[in-house]
There are 2 protein chains.
Amino acid sequence: MANRTDQLLRSAWTDEPPQLPPQALRWLRQETGLTDAWTPTRGLTAPPSELPDKAREVLDGIVGADHVLTDGPGRLGRTGGLSYLDLLAHKGIGEVSVPDAVVLPANPAEVADVVRACAELGLDVVPFGGGTSVVGGVKAANRSIVLDLARLDQLVLVDEVSRLAVLQAGMRAPDAEKALAEYGFTLGHVPQSFERATIGGFAATRSAGQASSGYGRFEDMVEGVRVATPRGEVRFGIAPASAAGPDLRHLMIGSEGAFGVITEVTVRIRPVPRIRRYEGFVLDGWDQAAEAVRALAQDRVLADVTRLSDVDETRVSFALTGGLKAQGLGAYLKLRGVRQPCLLILGWEVRDKRELAMRRAAAMSRLRGAVRLGRVLGEAWRHGRFNGPRQRDALMNAGVCVETLETATHWSQLHELYDKVRRALTGSLQRPIIMCHISHAYETGASLYFTAIAPRSIDDPAGQWQRAKTAACQAIAGIGTISHHHAVGVDHAPYLPGEIGDLGVEVLAAVKNTLDPAGILNPGKLIAP
Amino acid sequence: MANRTDQLLRSAWTDEPPQLPPQALRWLRQETGLTDAWTPTRGLTAPPSELPDKAREVLDGIVGADHVLTDGPGRLGRTGGLSYLDLLAHKGIGEVSVPDAVVLPANPAEVADVVRACAELGLDVVPFGGGTSVVGGVKAANRSIVLDLARLDQLVLVDEVSRLAVLQAGMRAPDAEKALAEYGFTLGHVPQSFERATIGGFAATRSAGQASSGYGRFEDMVEGVRVATPRGEVRFGIAPASAAGPDLRHLMIGSEGAFGVITEVTVRIRPVPRIRRYEGFVLDGWDQAAEAVRALAQDRVLADVTRLSDVDETRVSFALTGGLKAQGLGAYLKLRGVRQPCLLILGWEVRDKRELAMRRAAAMSRLRGAVRLGRVLGEAWRHGRFNGPRQRDALMNAGVCVETLETATHWSQLHELYDKVRRALTGSLQRPIIMCHISHAYETGASLYFTAIAPRSIDDPAGQWQRAKTAACQAIAGIGTISHHHAVGVDHAPYLPGEIGDLGVEVLAAVKNTLDPAGILNPGKLIAP
């Protein structure tokens, strides 16, 4: 088991490096002034483990010696997540902290024992699920252990009457879907990290999937959590809703392993939809297109997947994938009077044709003026929906600085936020392409998801992105949330006081101090040191 | 202002006492063995205020002397809420703790000042909104002040684009609806306490309205809160959704004035529905009827109001309100083969006929076998929907022990919970009538709302209900939540550790200690002393 996981985790960096198609590379060079593919030379090696003998003995006693890894590759594979800076680090740029051991408990009880033991040993613990954090949420520290939840991969229980399932935290999303599908159910949570991310990670980070308009954010699916803390286990959530004081589930959802290790999640499940219908549309101009999405959201007729790209993202996605076909599409759109095409993907996942017809008609009536591009484009998007990380790898290998960031705000401030973040990124990167989409719409507001592409700095590739990211975070502060679905981790922790106040951070610290008085759990994440 | 509020608050006990219609009284005597109307004799008088001069001076300085009430009636009117035991106490049965003063700040800044000053003075503060708590949530203490939010009654801001409104916490629900209606919007939050309850109270208690299936629970409407704590103000909620750590709004929602005083709430608003359509149906047998509601909830075609009465509640409501008409209805239902009538009220609040037709058809297709009683019955329910408290007063004046309690659980445990609570109440009251309804249905479960009626004990009227309530709470523990929408207050605090664990209670205490280190805010509520 440990080996399988290990393989999976390393694959992001050791697989045959993905390459951009030649015409995409040509186009990029033209657009951004990208000069030459730049390949880092230095590989990584792990320093020897300094896990004290006493600790090794205790951990071996709990999980068995086979499940305490101290080898270099095993530890290197869990040094961090998948942010651009993490990937740079794995290419030899920047510092990497390597844990002294990777511990793989078999079940919630073993997790509880490991956490308690580490508190006694004074050993920092970084909980690790799919390792897909892009905000430093699973950044390892020197003199720490990584608690890998890969062996907690069981579907514990399905309650078909209540439509609930109990899933172990280390279960990866595709495995969870496979197991639930045997009962005819789905979770419907499909973030871009779907292929690798875990149930516990979704809960710990307040994940939102691409179908959040239909299935809700992950927090909307969580009916209960089981959490191992150094002070003992807690379980929150006994009913579909409660007025028995503050909702402590919402304290654990988004706690990023800093309060405890989520070991089981009770989730709401739904029947697998019989029909999935994805379509592409083009609207003219970002402002008008965002207004259309607002109408869908506020009239509560959103498709289950509703995703609107801005003009630049539309242009790039047509250019990078379309080739000749995209040229034809461009001509067609011009003919239809569309000057500033914005691609809108709508996806319905429904029980029958009648529901599809009703919901589709309701949406269509709010999209007057939209040019229908049909199901081919919608399906193409659906099939490529998890390709983002691979595309990013290809771009990185072509010498590109490429990263994403996201935020959300209320509708009345959306355009201001959009403009400010774009300006911040444009101003701090040279000849960048800044793309944006709305992928999560609510009655009162929406998310904005930015992708920045620029020729990578040769001298200071990490600093190049750090400066751009800082500028973007400062632009977000006071208008939007510092994260709509990527979480806080290390990277956003400095901005949290601005969002919830110093007193809010003190509240978080008080909760942490109650559950983790030794402060061993994921230190530096969520709450800045 | 103070006087108006004062009048309103006293009215529950000083108005002409409501009386049951003679035929209802006859029916009750027959059913329960109720013997004679029993009227308590002792009225209440307030002990003199012992507010220290220094405190008086400080409070006068903040809110003005006119807004610090120390007169008897003013203080007596805010000694507690509207539970059966509260009402008994106001009839002279049981102990009443009377605060030393009622303080009425004008705005959030004054609330913050009062709270901070009281922390310095070591003076306990009981925040007070509509005073409708039925769980001891606003029970005053001797040597405390009541912080009455009645003057925070302003609509601060309407953001029509984002469909958000900022409401001051002391605004009563009808006033909030009136103010929002001028902009064409509604909140749609209509609990039975609607006529008196306040926006801040809804948030502080995790209220759920009768139309929760359509508009959501109050927590679903809250986009942001502004809270005055002894350590300063906090504001949570900058975006429609966020992954910036735990959702601290959910720590304030349901905090019952123990962490801080909610002064403003930012709420999601919706256009006033153009069509309201309420209909009555009868289903045969509780189990089958509950299954029908489950189908509506799990297929996500609930009406905005969905309320199912069990056989006894249906029987009583027909008997108490129907008279001859009810007899005709009974015969008709028998003719239609209905042996165990369960009344189902469905209410749709929609934008147009098309939406009504679609949603109604979707619901109807899950209600095969239901007997339609039409709109007259639905409308009758709608117009009487806030009459519960008045009916209870009439029953009390007729010598009846009458109280409600509620819980919620997942569908697979609903019948077990229903049976256990019924048995507990039946076993601890003599010749009672126990009624129940589902008024809040979710995909994964539902609420159960019980009403108990029995001849009031002459010797020990308070103890009679306390024993029944204890039995019911013990029956709920481990299967359902101790409260679905009445909150914790004093009455449910002993059961909270059973629901969230001792460690969960420690977390709440740590949060309280951070925001209210002197422990002056609503002591004894939420967290048992």
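1. Basis. The model is predicted, so local features are reported only at pLDDT of at least 70 and side-chain atom pairs only at pLDDT 80 or more, while totals for chains, interfaces and linings use all residues. Residues are numbered from 1 along each chain as its sequence is written, chains are lettered from A and ligands numbered from 1 in the order in which they are written, and side-chain values use heavy atoms, with hydrogens and water left out.

2. Domains of chain A. Chain A is split into domain 1 (2-148), domain 2 (155-271), domain 3 (275-384) and domain 4 (389-486); the bounds come from an automatic or database domain assignment. Taken over C-alpha atoms, the centres of domain 1 of chain A and domain 4 of chain A are 25 Å apart. Their contact (heavy atoms within 4.5 Å) involves 26 residues of domain 1 of chain A and 25 residues of domain 4 of chain A.

3. Interface of domains 1 and 4 of chain A. About 2,300 Å² is buried between domain 1 of chain A and domain 4 of chain A, and carbon and sulfur atoms give 66% of that area. Buried area is the accessible area (1.4 Å probe) that two parts lose on being put together, summed over both. Zero salt bridges are found across this interface, where a salt bridge is a side-chain nitrogen of Lys or Arg within 4 Å of a carboxyl oxygen of Asp or Glu. Six residue pairs, both at pLDDT 80 or more, are in polar contact between the two domains. A polar contact is a pair of N or O atoms within 3.5 Å; within protein, one must be able to donate a hydrogen and the other to accept it, and residues adjacent in sequence count only if both atoms are side-chain atoms.

4. The domain 1 side. Helix H2 (22-32) and helix H5 (84-90) of chain A are the elements that give two or more residues to the side of domain 1 of chain A that touches domain 4 of chain A. H2(A) gives the most, with six residues. Helices (H or I, at least four residues) and strands (E, at least two) are DSSP runs, numbered from the N terminus. By class, this side has 18 nonpolar, five polar and three charged residues. Ala, Val, Leu, Ile, Met, Phe, Trp, Tyr, Cys and Pro count as nonpolar, Asp, Glu, Lys and Arg as charged, and the others, Gly among them, as polar.

5. Interface of chains A and B. In this interface, 81 residues of chain A contact 81 residues of chain B. The buried area is about 6,200 Å², with 60% from carbon and sulfur atoms. On the chain A side, Ile238(A), Pro246(A) and Leu503(A) lose the most area to chain B, together 11% of what that side buries.

6. Six salt bridges cross the interface of chain A and chain B. The side chains of Glu443(B) and Arg268(A) form a salt bridge at 3.7 Å, N to O. Helix H20 (residues 496-515) of chain A supplies twelve residues, the largest share of the side that touches chain B. That side divides into 34 nonpolar, 25 polar and 22 charged residues.

7. A sheet in chain B. Four strands form an open sheet in the order S1-S2-S4-S3 (chain B), with mixed pairing. Strand S1 (68-69) and strand S3 (124-128) of chain B are at the edges, each with a single partner strand, so one side of each has no neighbour in the sheet. S1(B) pairs with strand S2 (residues 101-103) of chain B in the antiparallel sense over two bridges; strands pair if DSSP finds at least two bridges between them. Val68(B) is opposite Val103(B) in S2(B).

8. Salt bridges overall. Over all chains, the whole structure has 64 salt bridges. One joins the side chains of Glu219(A) and Arg206(A) at 3.1 Å, N to O. Glu219(A) is in helix H10 (residues 218-221) of chain A and Arg206(A) in the loop between helix H8 (199-205) and helix H9 (212-215) of chain A, 13 residues apart.
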